[in-house]
Amino acid sequence: MIAAASDESNTDGTRAKGARPALVLASGSPRRLALLQQIGIDPDTLLPADIDETPRRGETPRALAQRLARTKAEVARRAADRNAANVDGLVLAADTVVAVGRRILPKAETHEQARACLELLSGRGHRVYTALCISAPKDVVRQRLVETRVRFKRLSRAEINAYLDSGEWRGKAGGYAIQGLAGAFVAKLVGSYSNVVGLPLHETANMLAGLKYPVLAGWADPAAIRP
Ligand SMILES: Cc1cn([C@H]2C[C@H](O)[C@@H](COP(=O)(O)OP(=O)(O)OP(=O)(O)O)O2)c(=O)[nH]c1=O
């Protein structure tokens with residue numbers, strides 16, 4: 001259900017003038033929620049969209065990320081709309097894809113997959129794409145693709161084994177999580193760090209602001225912002 005925050009609603013259920021739209025985060029990723037909260041945005045509802053993420057034949061990494069983000073947003077909006085009396089909110093979805101050239105790395109689920117990813121990434125550059133999709137009322141859909149270039153140092157067998165033992169790679173695109181132990185593998189990063197973790201904060205804030213969702217500067221009470 002997409003409902004405006006209750007403390008901003010009038011008694012007749014209509015939205016108070018100037019109230020922010022309700023926000024659904026179409027994600028089951030704790031990292032995406034934590035990143036949003038980092039910039040003071042607390043979604044009203046979490047609605048993970050369970051979709052098939054298999055790349056299509058010949059699909060580029062960029063096209064895959066964009067298609068999946070859009071599908072997640074659409075699936076979550078349909079689920080939200082099924083029960084809702086009030087559907088004037090925003091639905092935010094994202095998808096992160098790691099690629100070496102046109103080669104799309106999997107979201108590692110097994111040791112073998114994670115090892116193959118790390119061996120491929122060792123000592124070379126790769127790109128991390130996160131596609132953002134925000135579905136708004138009246139069939140308005142905004143999309144954005146953000147790219148970060150990352151280069152890993154050369155990884156020894158011992159480092160790869162130790163990293164595999166950590167389990168941090170599980171469920172992560174490209175078989176690593178930059179916000180954990182793998183931060184030590186990053187020799188160079190060009191672009192947005194939060195994009196690699198799963199949600200580019202600068203671009204997300206801009207897109208939300210463009211849809212009249214109050215981010216930092218639009219807040220009524222700056223004192224409410226966490227230090
Ligand atoms: C490269 C990299 C990816 N990741 C994560 C971000 C994403 O959660 C995940 C990529 O998978 P996604 O399909 O983008 O996201 P998800 O399935 O985890 O969550 P949801 O679809 O419900 O939003 O990999 C990191 O946490 N750190 C990293 O350094």
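In the predicted model, the shell around the ligand is made up, by class, of ten nonpolar, eight polar and seven charged residues. Of the 25 residues around the ligand, those that come nearest are Ser27, Gly28, Ser29, Ile178 and Gly198. Helix 1 (30–38), strand 3 (90–100) and helix 5 (193–197) each contribute at least two residues to this shell. Strand 3 provides the largest share, with four residues.

Burial was examined along helix 3, which spans residues 111–121. Ala114, Cys117, Leu118 and Leu121 of this helix are buried. These residues lie on the same side of helix 3, because they cover an arc of only 95° around the axis. The elements that cover the buried residues of helix 3 include strand 5 (125–136), strand 6 (140–152) and helix 4 (157–166). Just after helix 3, Gly123 adopts a positive phi of about 70°.

Most residues other than glycine have a negative phi. Lys138, although not a glycine, has a positive phi of about 60°. Lys138 is located in the loop between strand 5 and strand 6. With 5 other C-beta atoms within 10 Å, Lys138 is classed as exposed, because the limit for that class is 12 or fewer. A positive phi, near 70°, is likewise found for Lys212, a residue other than glycine. Lys212 belongs to the segment after helix 6 (201–210). Lys212 is also exposed, as 12 other C-beta atoms lie within 10 Å.

Definitions and conventions
Residues are numbered from 1 along each chain as its sequence is written. This is a predicted model: local features need pLDDT of at least 70, side-chain atom pairs count only at pLDDT 80 or more; totals for chains, interfaces and linings use all residues. A residue is near a molecule or strand if its C-beta atom, placed from the backbone, lies within 6 Å of it. Ala, Val, Leu, Ile, Met, Phe, Trp, Tyr, Cys and Pro count as nonpolar, Asp, Glu, Lys and Arg as charged, and the others, Gly among them, as polar. A residue is buried if 20 or more other C-beta atoms lie within 10 Å of its own, exposed if 12 or fewer, and partly exposed in between; C-beta atoms are placed from the backbone. The arc is that of the directions from the helix axis to the C-beta atoms. Two residues are in contact if their C-beta atoms, placed from the backbone, lie within 7 Å.
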